Amino acid sequence: MADGTTVQINSRLENLRNLEPEARLDLLAKAVGLADTDQAALAGRDVLPMSLANGMIENVIGKFELPLGVASNFTINNKDYLIPMVVEEPSVVAAASYMAKIARGCGGFHTSSDQPVMRAQIQVAGLTDPSGARHRLLAAETELREMCNARDEVLVSLGGGCIGIEVHVFENTAVGPMAVLHILVDVRDAMGANAVNSMAETIAPRVAEIAGGHTRLRILSNLADRRLARAHVTLTPEAMTTKAMDGREVITGMIEAYALAQIDPYRAATHNKGIMNGIDPVVVATGNDWRAIEAGAHAWAARKGSYTSLTTWERGQDGTLTGTIEMPMALGLVGGATKTHPAAQAALRVLNVETAQELAEVTVAVGLAQNMAALRALATEGIQKGHMALHARNIAILAGATGSQIEAVAKAIAGEGHVSVQAAKRVLSEL
Ligand SMILES: CC(C)(COP(=O)([O-])OP(=O)([O-])OC[C@H]1O[C@@H](n2cnc3c(N)ncnc32)[C@H](O)[C@@H]1OP(=O)([O-])[O-])[C@@H](O)C(=O)NCCC(=O)NCCSC(=O)C[C@@](C)(O)CC(=O)[O-]
Ligand SMILES: NC(=O)C1=CN([C@@H]2O[C@H](COP(=O)(O)OP(=O)(O)OC[C@H]3O[C@@H](n4cnc5c(N)ncnc54)[C@H](OP(=O)(O)O)[C@@H]3O)[C@@H](O)[C@H]2O)C=CC1
């Protein structure tokens, strides 16, 4: 766990879906060994006192609640994980759990990641010799690195700190030539924005002196391309077989669907939205900055000039299907709201991760599972059947159903295949 103790979890929580929320939390608490305070935080009982909320952002007037679910069945690198997910969209948690169930029968997900290295940019403008400035800055690397590290002794004592620099030259911009110095900083278990921003601001005057010209921007880049996390999964045709389709056909359909996301930005945007359906809920549940993750994901997807898929899907020589994902994942276990929000702390304990790198790897594995669910549904029965069956509960609520009526109305309209408020109102009046 984040506190240093190791717990073996069995993520296959039988019958979880059929329990009431309190019983589900109870089952989760037993599986993970959660303290009462963490259970209360996850249940949303007085989780965020107004005084705390008021200290987190400005002009606070209240708090906004969202559902917190748990995806089961995940096996990643032969270790079981239960995944807390904060999300407003139906079918996301069910889909992740389902794909994790299929994947665990095939050995689960496997991951790797880069060291947690962030970059910050120091823009130098007003130059006549940007290439000369680049050489002068590169020659001063040791001095600049030492200045950065003197700014954050705690990070250095934790094994992190500035590990190097890069200088990028732009000969022609709207305001003339520019050199941009990047500092590369190992931020350990933090997301790292504040650490790298402070270093960038500290060394900027010296950078201006060395380069000539003047410095302007001093800020991290959310294109965290030195902090990539990767996951892959290999699935047999037998595991991909559905009631209506042979697994080999399902695999063919998924690969065809993926092929469009590779080359067509219209499809890639939706394909990647499906991936972020898995990633964002984990980022939110752990109190991390989801705008930073979104910005990094889409900038990475467009890095080759045209926007493309964050995943790949390929058929192996033995007929198996392999899915992979690789993307920036700047997540922290400390800093930001991860430490201040009690539910984020509890969610991290449910995840049972030791390092920010492990959290990043688990998160991209959930993104891959979510993409697998969408492609599998799209390649077989279509998205509406499974998604709308679960969305039907929202529609039932909109139509005025309460308590046990919600499930009854949802089941009836999903069964009719006509999920609309009108149909729900009719069923409700007949109940
Ligand atoms: C929705 C399912 C999973 C149903 O699929 P199903 O075949 O009806 O599921 P099942 O009843 O056979 O259950 C299989 C397992 O799914 C899970 N499961 C199943 N139902 C529940 C539930 N109610 N509550 C909790 N867990 C559930 C659970 O793990 C269960 O195992 P069990 O517990 O029985 O051992 C399937 O149809 C599916 O995966 N559909 C895809 C859904 C999806 O991708 N949703 C995302 C929203 S759509 C979108 O925004 C993105 C998109 C699609 O546009 C992206 C793109 O285009 O690429
Ligand atoms: N473009 C962007 O994405 C931007 C994002 N942000 C925001 O910045 C916040 C995240 O910044 P971040 O720097 O991560 O957070 P913090 O500055 O809140 O926390 C990180 C600090 O925690 C301390 N620390 C303790 N233990 C560790 C450890 N094991 N590893 C690393 N650091 C440790 C270090 O501080 P110390 O040395 O002081 O002990 C470190 O600098 C988020 O709220 C984000 O929204 C801000 C600006 C821009």
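The buried residues of helix H2 are covered by, among others, helix H1 (21–32), strand S1 (68–76) and helix H13 (342–351). Here helices (H or I, at least four residues) and strands (E, at least two) are DSSP runs, numbered from the N terminus. H2 itself spans residues 36–43, and its buried residues are Asp-38, Gln-39, Ala-40, Ala-41 and Leu-42. A residue is called buried under 20% relative accessible area, exposed over 50%, and partly exposed in between (1.4 Å probe, protein chains only). After H2 comes Gly-44, with a positive phi near 80°.

This is a predicted model, in which local features need pLDDT of at least 70 and side-chain atom pairs count only at pLDDT 80 or more, while totals for chains, interfaces and linings use all residues; side-chain values use heavy atoms, with hydrogens and water left out. Residues are numbered from 1 along each chain as its sequence is written, and chains are lettered from A and ligands numbered from 1 in the order in which they are written.

Most residues other than glycine have a negative phi. Asn-78, however, has a positive phi, near 65°, and Asn-352 likewise has a positive value, near 60°. Asn-78 sits in the loop between S1 and strand S2 (79–86), and is exposed, with a relative accessible area of 65%. Asn-352 lies in the loop between H13 and helix H14 (356–379), and counts as buried, at 3% relative accessibility.

The interior can be described through its nonpolar cores. A nonpolar core is a set of buried Ala, Val, Leu, Ile, Met, Phe, Trp, Tyr and Cys residues joined through side-chain atoms within 4.5 Å. The largest has 61 residues, and Phe-74, Ile-83, Trp-313 and Met-327 have the most contacts inside it. H14 gives the most to this core, with 13 residues. Leaving aside neighbours within four places in sequence, Phe-74 is in contact (heavy atoms within 4.5 Å) with residues including Ile-83, Phe-109, Ala-365 and Ala-369. Apart from this core lies another, of 34 residues, among them Ile-165, Met-191, Ala-224 and Ala-330.

Ligand 1 is surrounded by 25 residues, of which Arg-12, Ser-91, Lys-101, Arg-267 and Lys-273 are the closest. A residue is near a molecule if one of its heavy atoms lies within 4 Å of it. A polar side-chain atom of Lys-101 is 2.7 Å from an oxygen atom of ligand 1, and one of Glu-89 is 3.0 Å from an oxygen atom of this ligand. Taken alone, ligand 1 exposes 1100 Å², of which the protein buries 76%; such areas come from the Shrake-Rupley method with a 1.4 Å probe. H11 (265–285) supplies the largest share of the shell, six residues.

Around ligand 2 there are 21 residues, with Asp-189, Gly-192, Asn-194, Asn-222 and Asp-289 coming nearest. Backbone atoms take part here: a backbone N or O atom of Asp-189 lies 3.0 Å from a nitrogen atom of ligand 2, and a polar backbone atom of Met-191 is 3.0 Å from an oxygen atom of the ligand. The protein buries 65% of the 940 Å² that ligand 2 exposes when taken alone. Helix H7 (153–157) and helix H8 (193–211) each supply at least two residues of this shell, and H8 gives the most, with four.

Terms used. Polar contact = N/O pair within 3.5 Å; in protein donor to acceptor, adjacent residues only side chain to side chain.
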